Amino acid sequence: MPATVRKGSWVEIHCVVLPAGERAPQVPAETQAVPLEMLARGRLAEAAEPGDEVEIITAAGRRLQGTLVEARPAYAHGFGQPIDALVPIGSEVRALLRERAQGK
Amino acid sequence: MSGQGYNEVMARRAAIVLASVGIDYERYSTGALAFDYEGLLADAGYDLDTARRVQSRTAVGDTPLVELPNVTALVRAVSAPGKGARVFLKDEAANPTGSFKDRRASLSVHEASERGYKGVVAATSGNYGAAVASQAAKAGLDCIVVQEAFDSRHMAQPEIAEKTRACEAYGAEVLRLSVGPELFYVFLRVLEDTGYFNASLYTPYSILGIETLGDELIRQVRAAAGRDPDVVIATHAGGGNLTGTARGIAKAGAGQTQMVGASVDLTGLHMASDTDFNRKSFTTGHTGFSIPFTTWPDRADVPRNAARPLRYMDRFVTVTQGEVFYITQVLAELEGLERGPAGNTSLAAAFAIAREMDDDRIVVVQETEYTGAGKHPIAQLNLAREMGVEVRRGDPRDNRPGRRIVIPEHPAQLAVTDVDLDRLRRSYVRNAVAQVPDSSVLSPIDFAFLAAETRVSEVEVREIIDEVR
C-alpha cells in the first residue's frame with residue numbers, strides 16, 4: 001500500500017517546464033531531444049501519495065504544482081572515495097621543500 | 001494571464017527586467033551604441049564609503065590577506081635564481097556564505113530593501129545564490145534562486161547540490177532546472193509572477209560591491225609589505241569579479257598594479273549540452289562564460305552590463321582543471337587552508353605567473369571560496385570518473401575537457417596559457433557594430449566609447465569597423 005505523505009511535510013515535486021522539441025532555438029540537438037524539467041521543494045498543501053499531482057508551499061510562500069517525488073528528500077551530495085591522483089601530492093611537495101632547504 | 005510559452009515570455013523580457021531592476025538604462029544612451037558607463041555606476045549611489053558601510057552592517061568584507069610563504073618557497077624551488085614573487089591570498093571564504101559573492105549580494109539586497117521590494121530573485125547555480133539568500137534573510141526579504149542543476153538523467157553536479165542545500169538553509173525557495181539556457185525564461189516568469197527585485201550579477205550594485213575588495217587588498221598589501229602589489233589575479237567568468245576588483249584597485253590609487261583575469265579552460269564543451277553538463281568539473285570561473293562575456297558583455301539579464309572586463313583586463317590567462325585540483329591540494333597541505341577548488345583558479349595561475357616574476361615582487365590571488373560536501377575536489381572528481389572522464393597524473397597539457405583531467409606530477413608543470421586579448425578586443429568591436437543596422441550611423445561618441453571599452457585607439461577601432469564593412 002503506497003505510503004500517504006502528510007499535509008505540511010517537506011517534499012520534492014517535479015514538473016516539465018518545456019516539452020522536448022519546444023526548447024529555446026539555440027540549444028544543441030541532444031538538449032532539444034529532452035524536456036526542460038524542474039524540481040522544487042516545499043511543504044505539501046494536502047496529504048498525497050508519491051506520483052500524485054500536488055501543490056506545495058515554498059520557502060518564499062508561493063504555491064507551486066507538480067508531481068510528488070518524495071517526502072523528506074535527502075541532500076545526498078558528499079565526497080566519495082579518495083582520489084588516487086590527489087593523495088600523494090602533499091608529501092611530494094613537502095619533500096621538494098625539504099630538498100631545497102637542505103640544498104642551501 | 002499573458003502567454004507563458006517560451007517565445008511569448010521572452011518577447012516581454014524588456015518590460016519584466018525594467019520593472020524588476022528599476023533602472024532606466026535608456027537614459028544612459030549617448031550614441032548609436034555608446035552609453036555613459038561611469039554615469040550608470042555613479043547614479044547607483046554606492047561609492048566606496050557607502051559600500052563599506054552597508055557591508056560592515058551585514059558582516060561582509062574586511063577579509064584577511066594571508067601571505068603564503070610555503071607556496072612562495074615551492075614557486076622558488078622551481079624557478080630560476082632571483083625569481084619567484086611573494087604570493088598573497090585574499091581569503092574571501094571568510095565572508096558569511098563563504099565567497100566574495102557576499103559583497104555583491106549585500107548591495108543588491110540593500111537596494112531592493114531601500115526601494116521597498118518584498119523579495120529578491122537570482123538566476124545562478126553558484127555561490128551568488130547563497131549570498132543573496134543570506135542577505136535576504138538579514139533584510140527580511142523573500143528569496144527565490146533559480147539554478148541549472150541536473151541533466152536529463154537527473155544527475156546533479158555536486159557543487160550545485162551543495163549550493164541548493166545552502167540556499168535552502170538560508171530560507172530561500174530554490175527552483176532546480178535541467179540543462180539549458182531557458183533558465184533565463186524561467187527566471188523572467190518568476191520575476192513577473194512575484195514582482196520581486198532582480199538581484200542580477202550584472203547591475204551596478206553587484207559590481208560596486210566588489211570595489212571594496214580591490215580597495216582592501218591594496219591597503220592590506222601596503223600595510224604588510226610597504227608597497228603596492230605588482231600583479232592581482234582574479235577569476236574571470238561573467239566579468240563582474242574582475243571589473244569590480246580593478247575599479248577598487250584604481251580607487252585605492254594603485255596605478256601600476258597589473259590586473260590579470262584567469263579562467264579554467266573548458267574549450268570543446270558546449271554549455272547548453274545535456275550530455276556535456278556533467279562532464280566538466282568546474283561550474284563557474286571558466287571559458288564557457290569568460291570568452292562570450294568578454295566579447296559581448298551585453299548578453300546578460302540586464303540591457304547594459306555593469307561588468308565590462310575589456311576596460312580593465314591587462315592580461316587574460318587560462319589554466320586546466322587538473323592544475324586547479326593540484327594547487328587546491330597544495331594549499332591545504334602546505335598552508336593549512338582547505339578551500340573550494342573553483343576559488344583556486346587564480347591561485348593555479350598565480351603559481352605559474354609568480355615564477356616569471358622577480359623575487360622582490362608581489363602577486364595577490366584575489367579570492368578563495370569555502371569547501372565542503374559537494375564543493376570539493378573529491379566530490380567533483382568522483383563525478384568525473386562516474387561520467388567516464390579519465391582522471392590521472394601526468395602532463396597537464398594532455399588534458400581534454402570532458403574526456404581527461406590530468407593532475408600535474410610536479411609543480412614545475414603548472415603553466416598558464418595566454419588568451420589573445422587583441423583578438424577578443426576585435427571580436428568585441430565586431431559584435432558591438434553588429435548591433436546597429438548600418439554602421440554609417442556611428443558617430444565620434446561611438447568610436448570614443450568603443451575605444452574606452454577595449455583600450456584600443458580610436459584609429460584602430462575605425463580600422464576594425466572598416467574591415468567589417
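**Notebook: chain A overall, then cysteines and a glutamate in chain B**

I began with surface. Chain A exposes about 5,900 Å², and carbon and sulfur atoms supply 53% of it. Accessible areas here come from the Shrake-Rupley method with a 1.4 Å probe, and for residues only the protein chains shown count as cover.

I noted the ground rules next. This is a predicted model, in which local features need pLDDT of at least 70 and side-chain atom pairs count only at pLDDT 80 or more, while totals for chains, interfaces and linings use all residues. Residues are numbered from 1 along each chain as its sequence is written, chains are lettered from A and ligands numbered from 1 in the order in which they are written, and side-chain values use heavy atoms, with hydrogens and water left out.

**Chain A**

I looked up the secondary structure. Chain A has two helices and four strands. Helices (H or I, at least four residues) and strands (E, at least two) are DSSP runs, numbered from the N terminus. From the N terminus, the order is β-α-β-β-β-α. The radius of gyration of chain A is 24 Å, well over the 13 Å from the globule rule for 104 residues, so chain A is more spread out than a compact globule. That radius is taken over C-alpha atoms, and the rule is 2.2 Å times the number of residues to the power 0.38. I also took the spans of the C-alpha trace along its principal axes: about 75 × 40 × 30 Å.

I checked burial. Of the 104 residues of chain A, 42% count as buried. Buried means under 20% relative accessible area, exposed over 50%, and partly exposed in between (1.4 Å probe, protein chains only).

Then I turned to contacts, meaning heavy atoms within 4.5 Å. Among chain A contacts between residues at least 6 apart in sequence, 53% join residues at least 24 apart.

**Cysteines**

B:C143 is buried at 3% relative accessibility. B:C167 is buried too, with a relative accessible area of 0%.

**B:E111**

Where does B:E111 sit in chain B? I found B:E111 in helix α6, residues 101-114. Is B:E111 buried or exposed? At 12% relative accessibility, B:E111 counts as buried. Leaving aside neighbours within four places in sequence, I listed its contacts: B:A44, B:Y46, B:F197 and B:Y205.
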